[in-house]
Amino acid sequence: MNYSFQFGDVFAAWPLLLKGTLNTIELSLLAMLLGLMLAIVCAWGKTAGPRPLRWVINAYIELIRNTPFLVQLFFFFFALPALGLRWSAYAAALVAMVVNLGAYATEIIRAGIESIPKGQIEAGLALNLKRHEIFRFVILKPALRTVYPALTSQFILLMLSSAVVSAISADDLTSVAANLQSQTFRSFEIYIVVAAIYLLLALSFSALFRVIYRLALNYPAGR
Amino acid sequence: MRTFGFSEFLFILEAAKWTVALSMIAFVGGAIGGLIIALSRTSNNNVARLLSGAFIQVFQGTPLLLQLFLVFFGAPVLGLEVNPWVAAGVALILNSSAFLGEIWRGCIQAIPSGQWEAAQALSLPYVSRMRDVILPQAFKIALAPTVGYMVQIIKGTSLAAIIGFVEITRSGQIINNATFQPLIVFSVVAAIYFVLCWPLSLLAARMERRHAAALAR
């Protein structure tokens, strides 16, 4: 191997890499938040909604889970504007991520909701809680706690798959890397550094999720 | 300008065979790598456990796209010819080794410790303990998640389009550039993936239900 590694160009471009990293973080956090909200609504619809609504939600989940994220992204970025909807690469990327995460997270949260014993819901009714209070405190919170590990690893998978949005130049970390690559031709060095940043992001997100668990969901539960 | 007709549809459909071929390569290679990773993760050897743990952390903690780029742009560094086939194949094999390895580690560790102890009490050597006692039982548990993971592999091959490997997604892009009918083109592309993946998803769900029912009995 007679290749001399030159990281100089890569580190000289640190402001760009930092900006790309922040964009990836922002995109991921927004998608996690909105995707979680979408998933909670869909999981409610799937477990308690009327039959036609359940059917629609099922179709949405199967459609998203059985097609690649890249194709979904192309659909939102290229196909929808053909119908007259004009939006930026960033908006298309965010919507594609939310829609994608929503489908996976719905199935995860539904599994959590179905694990809630009936007696617990009846106890809520007996305490004269309102329907939305029962859903929020008696069903959703324990359900989220049960599926928390699966849900957060799905979040991290989403953050990692956000690299794909560079295919439409959505200004994320991988887009920055691709631009740098075409300017400096130090492709290998750039992608090593960027892969290391993603690894760091994945570790930081899982640390963040552990803190959130301790703050919001770590209460004693009887078994 | 071309419009989207039957021959364009056939062009995309024909590319499906490259998606399937690449998926097969990734699955077979990933299965071999995954078995090695799973066995290392469950072994008594500290070095093997540490190395396989690091391998999993790196490949599950970085985007598949970046792994693809690193292999694609890293091959010339090592003085090898760049070829989208090899780059996509190697990256997908490494990635699926990590994921399958972690899935199968769970399955191996799910085998009750009594089975391990019984095999040890019979003084079976490691190879026989694994081959005749642990792995056949772990295989039964692993079947459903493994079929489920095949769907992930098929979807993952779409990223090879970004380095110029002509499979379903790339051929869709090519047709889209010629016809400017993205709505129909990407709907067709999505539909072909759906036809490939959905049966596997249904099969995986069915296996899981049957396995759960067998456990409940």
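Predicted model: local features only at pLDDT ≥ 70, side-chain atom pairs only at ≥ 80, totals over all residues.

Q: OK, so how does the span of helix α2 of chain B work out?
A: α2(B) runs over residues 46-61, which is 16 residues, so it should span 22 Å. Its end C-alpha atoms are 22 Å apart, and that agrees.

Q: What's going on at the start of α2(B)?
A: There, a side-chain oxygen of B:N45 comes to within 2.9 Å of the backbone nitrogen of B:V47.

Q: Which residues in α2(B) are buried?
A: B:S52, B:G53, B:I56, B:F59 and B:G61.

Q: And what covers them?
A: The cover includes α1, α3 and α4 of chain B, together with α7 and α9 of chain A.

Q: Let's switch to those two chain A helices. How do the axes of α7(A) and α9(A) cross?
A: They cross at roughly 165° and come within 10 Å. That makes α7(A) roughly antiparallel to α9(A), because angles over 145 degrees count that way. The crossing is right-handed.

Q: Which residues meet there?
A: From α7(A) the list includes A:Y148, A:F155 and A:M159, and from α9(A) it includes A:Y198, A:F205 and A:F209.

Q: Zooming out, how many helices and strands are in chain A?
A: Chain A has 9 helices and 0 strands. Its C-alpha trace spans about 75 × 45 × 30 Å along the principal axes.

Q: How much of chain A is buried?
A: Buried residues are 48% of its 223 residues.

Terms used. Residues numbered from 1 in each chain as written. Chains lettered and ligands numbered in written order. Heavy atoms only, no water. Helix = DSSP H or I, 4+ residues; strand = E, 2+ residues; numbered from the N terminus. Expected span 1.5 Å × (residues − 1). Buried < 20%, exposed > 50% of the residue type's maximum accessible area, 1.4 Å probe, protein only. Contact = heavy atoms within 4.5 Å. Polar contact = N/O pair within 3.5 Å; in protein donor to acceptor, adjacent residues only side chain to side chain. Axes fitted to C-alpha atoms, helices over the stretch in contact; angles between N-to-C directions. Parallel < 35°, antiparallel > 145°, perpendicular 65-115°, else oblique. Left-handed = near helix turned anticlockwise from the far one by under 90°.
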